[in-house]
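User: Hi! I have a structure to look at and I'm new to this. Could you walk me through it?
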Amino acid sequence: MQNEIYIKEKIEQYSDMVYRIALTRTDTIENAEDIFQEVFTKFSEKLPNFKDAEHEKAWFIRVTINMSKNMKNTAWNRKVVTLDENIKFENQEENDIFSIVCELPENYKTVIYLFYYEGYKVKEISSILKKREGTIKTWLLRARNILKEKIKGGFEDEQE
């Protein structure tokens with residue numbers, strides 16, 4: 001009973017984040033939902049011990065990214081053509097930005113999400129993705145440039 005409460009708390013705490021990462025990496029609602037279920041199933045089966053809250057959050061991010069990557073590499077998904085999901089946002093600007101972000105290459109989508117939506121610093125993203133800080137900075141720079149070009153209004157850089 002105590003484990004069930006703990007699992008429910010973690011699902012509530014991380015559900016939005018896991019779903020958004022899966023959606024940005026797989027491009028379909030169905031795949032994102034499958035990833036979501038797999039991540040929390042794995043969590044409930046393993047019930048890993050975490051050093052702290054940051055380690056816990058990083059675990060959910062890493063597992064979601066890995067499962068998304070695995071799903072995209074299956075023979076079935078290599079042959080599937082994604083459809084426009086027509087996701088509705090509260091305003092048109094959010095919808096437009098989401099569409100542009102979804103067009104970015106996989107690595108760029110991930111770093112943009114972790115930096116802007118989850119508030120991670122470059123060093124933290126580097127640790128989570130197991131990539132050099134310079135690589136993360138390059139991906140962020142390139143993603144920002146693509147977004148600025150497509151949005152044409154640009155957005156101000158935040159502190160790294």
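Analyst: Happy to! One term to start with: a residue is called buried when its relative accessible area is under 20%. Also keep in mind that this is a predicted model.

User: Okay, which residues in α6 are buried?
Analyst: In α6, the buried residues are Tyr 108, Lys 109, Thr 110, Val 111, Ile 112, Tyr 113, Leu 114 and Phe 115.

User: And how far apart are the end C-alpha atoms of α6?
Analyst: They are 16 Å apart. The helix has twelve residues, and at 1.5 Å a residue it should span 16 Å, so the two values agree.

User: What comes just after α6?
Analyst: Gly 119 is there, with a positive phi of about 75 degrees.

User: Switching topic: which residues touch the most other members of the largest nonpolar core?
Analyst: Those are Met 17, Phe 60, Ile 61, Leu 114, Ile 125, Leu 129 and Ile 136, in a core of 41 residues. At least two core residues come from each of α1, α2, α3, α5, α6, α7 and α8. The helix that gives the most is α3, with eight residues.

User: What does Leu 129 touch?
Analyst: Leaving out residues up to four places away in sequence, Leu 129 touches Arg 62, Ile 65, Thr 110, Val 111, Leu 114, Ile 136 and Trp 139.

User: Back to phi. Which residue other than glycine has a positive value?
Analyst: Leu 47 is one of them, with phi near 40 degrees. You'll find Leu 47 in the loop between α2 and α3. Lys 130 is not a glycine either, and its phi is positive at about 60 degrees. Lys 130 sits in the loop between α7 and α8.

User: Is Lys 130 buried or exposed?
Analyst: Lys 130 counts as exposed, because its relative accessibility is 65% and the cut-off for exposed is over 50%.

User: Why does Leu 47 count as partly exposed, then?
Analyst: Leu 47 has 26% relative accessibility, and partly exposed covers the range between the buried and exposed cut-offs.

Conventions
Residues are numbered from 1 along each chain as its sequence is written. This is a predicted model: local features need pLDDT of at least 70, side-chain atom pairs count only at pLDDT 80 or more; totals for chains, interfaces and linings use all residues. Side-chain values use heavy atoms; hydrogens and water are left out. A nonpolar core is a set of buried Ala, Val, Leu, Ile, Met, Phe, Trp, Tyr and Cys residues joined through side-chain atoms within 4.5 Å. Buried means under 20% relative accessible area, exposed over 50%, partly exposed in between (1.4 Å probe, protein chains only). Helices (H or I, at least four residues) and strands (E, at least two) are DSSP runs, numbered from the N terminus. Contact means heavy atoms within 4.5 Å. The expected span of a helix is 1.5 Å times one less than its number of residues.
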